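Reader: I am new to protein models. Can you show me how to read one, feature by feature?

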Amino acid sequence: MSLQNKVALITGAASGIGRECALKLASQGATVVIADLNQAAADKVAEEIKQSGGKAMGVVMDVTDEAAVNAGTDLAAQTFGGIDILVANAGIQIVHPIEDFPFADWKKIIAIHLDGSFLTTKAAIKHMYAGGKGGSIIYMGSVHSHEASRLKAAYVAAKHGILGLARVVAKEGGPKGVRANVVCPGFVRTPLVDKQIPEQAAALKITEAEVIKNVMLKDTVDGEFTTTEDVANVVAFLAGFESSALTGQSVVVSHGWSMH
Ligand code: NAD
C-alpha cells in the first residue's frame, strides 16, 4: 500500500493531527500539500518534509472561503499533476452550554468543519474524476461523530454531519473510483485540546486534572490519550487501501472510548 506518486492535500496541516498526517503520508512516498490559514506555518511543515527528502508545498487556504479553497486546490493539482488524496482535517473547538452558546460561535464551527469539508471535497473530487484514477477522501471526524458531550453542541452536530457527507461522497464517488471514509479520534493532546482543559474546568467547576481524568479519558479502556501518530497511521492506511471494499466507513481510534 505504497503512497509513491500520490498527491495528498491536507487541510489544517500546520499543526497537531494534520501535521502528523502530512509527515506520515510523506514518509510513505506521497507528495504533500500543506493547506492552512497561515502561509509561513504551512511552509514550515513543508520545509520539514523537504529536509527529510520528501516532496511538499505549503498553500494558504481558509477552508470556509470557496474562492481560496478552489485556488489552493487548483494550484496544488497544477503543480503536482493532480490530486489523489484529500484529508479534510481543519478544525476548531468552542465550548459553551447550549443556553449561552453564541450564534456566531455555532456558525464558525459549522463553517470550518462542514462547509470546509464540503468545499474541499467539491474542489478536489473534480481533479480525482478528471485524472480518471479516482482517489481517497478522508474526513477528520471524532468520537463526537458518534457520541455526545456536554458543552459541545456545535462540534458534535458538525462531526455527526461529516458522517453523512462522507457516506454521500462514497456513493457518488464509488463508480468513479473515489473512496470516502471518516477517522474518528478520541482525545489527542494538541493545541485544540490543551485549550479546552482550562475552559472545561471553569465551565464544569472542577480542576484541570479532573477534566482529563473524569471527563476526557473517563470512558477509555486504559485512561490513555490517543496520539497524533495513532491517528496518522489510520489515515495512511485508509489513503493507501487499494480497493473500494473500504468506503463510506468511520474508523474510531480512541482507546475504546467509543466502540461504534
Ligand atoms: P490543531 O488546533 O492542532 O490544528 C488545527 C489546524 O487547523 C490549525 O493548524 C489551524 O490553523 C487549522 N485551521 C483552523 N481553521 C482553519 C480554516 N478555516 N482553514 C484552514 N485551516 C484552519 O487541532 P487538532 O487537534 O490537530 O485538530 C485537527 C482535527 O482533528 C480537527 O478537525 C479536530 O476536530 C479533529 N479532532 C481532534 C481531536 C483532538 O483530541 N485533538 C479529537 C478528535 C478530532
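**Reading the features**

Author: We can start with one ring. F187 counts as buried, at 9% relative accessibility. Keep in mind that this is a predicted model.

Reader: Which aromatic pair does F187 form, and is it stacked or edge-to-face?

Author: The structure holds two aromatic pairs. F187 and W257 form one of them, and that pair is stacked. The ring centres are 5.2 Å apart, with 5 degrees between the planes. Planes under 30 degrees apart count as stacked.

Reader: Where do F187 and W257 lie?

Author: F187 sits in the loop between strand 6 (178-185) and helix 6. W257 belongs to the segment after strand 7 (250-253). The pair therefore ties together parts that are 70 residues apart in sequence. W257 is buried too, with a relative accessible area of 15%.

Reader: What are the centre distance and plane angle for F237 and F241?

Author: F237 and F241 are 5.7 Å apart, centre to centre, with 65 degrees between the planes. Their pair is edge-to-face. F237 counts as partly exposed at 38% relative accessibility. F241 is also partly exposed, at 25%.

Reader: How do I describe two packed helices?

Author: Give the angle between their axes and the distance between the axes. Now the case here. Helix 6 (residues 191-204) packs with helix 7 (residues 208-216) at about 95 degrees. Their axes are 9 Å apart. Angles of 65 to 115 degrees count as roughly perpendicular, so helix 6 and helix 7 are roughly perpendicular to each other.

Reader: Which residues of helix 6 and helix 7 meet?

Author: Helix 6 brings V193, Q196, I197, P198, Q200, A201 and L204. Helix 7 answers with E208, V211, I212, V215 and M216. By class, this contact has nine nonpolar, two polar and one charged residues.

Reader: Which residues in helix 1 are buried?

Author: First the general idea. An α-helix has 3.6 residues a turn, so residues three or four places apart point the same way. In helix 1, the buried residues are G16, I17, G18, E20, C21, A22, L25 and A26. After helix 1 comes G29, with a positive phi near 105 degrees.

Reader: Where is N5, and is it buried or exposed?

Author: N5 lies in the segment before strand 1 (7-11). It counts as exposed, because its relative accessibility is 69% and the cut-off for exposed is over 50%.

Reader: And L151: where is it found, and is it buried or exposed?

Author: L151 is in the loop between strand 5 (135-140) and helix 5 (153-173). L151 is buried, with a relative accessible area of 14%.

Reader: One last residue. What surrounds T73?

Author: T73 lies in helix 3 (residues 66-80). Its relative accessible area is 0%, so it is buried. Set aside its neighbours within four places in sequence. T73 is then in contact with L9, M61, I83, A123, A124 and H127.

Notes. Residues numbered from 1 in each chain as written. Predicted model: local features only at pLDDT ≥ 70, side-chain atom pairs only at ≥ 80, totals over all residues. Heavy atoms only, no water. Buried < 20%, exposed > 50% of the residue type's maximum accessible area, 1.4 Å probe, protein only. Helix = DSSP H or I, 4+ residues; strand = E, 2+ residues; numbered from the N terminus. Axes fitted to C-alpha atoms, helices over the stretch in contact; angles between N-to-C directions. Parallel < 35°, antiparallel > 145°, perpendicular 65-115°, else oblique. Contact = heavy atoms within 4.5 Å. Nonpolar A, V, L, I, M, F, W, Y, C, P; charged D, E, K, R; others polar. Phe/Tyr/Trp six-rings, centres within 6.5 Å; stacked < 30°, edge-to-face > 60°.
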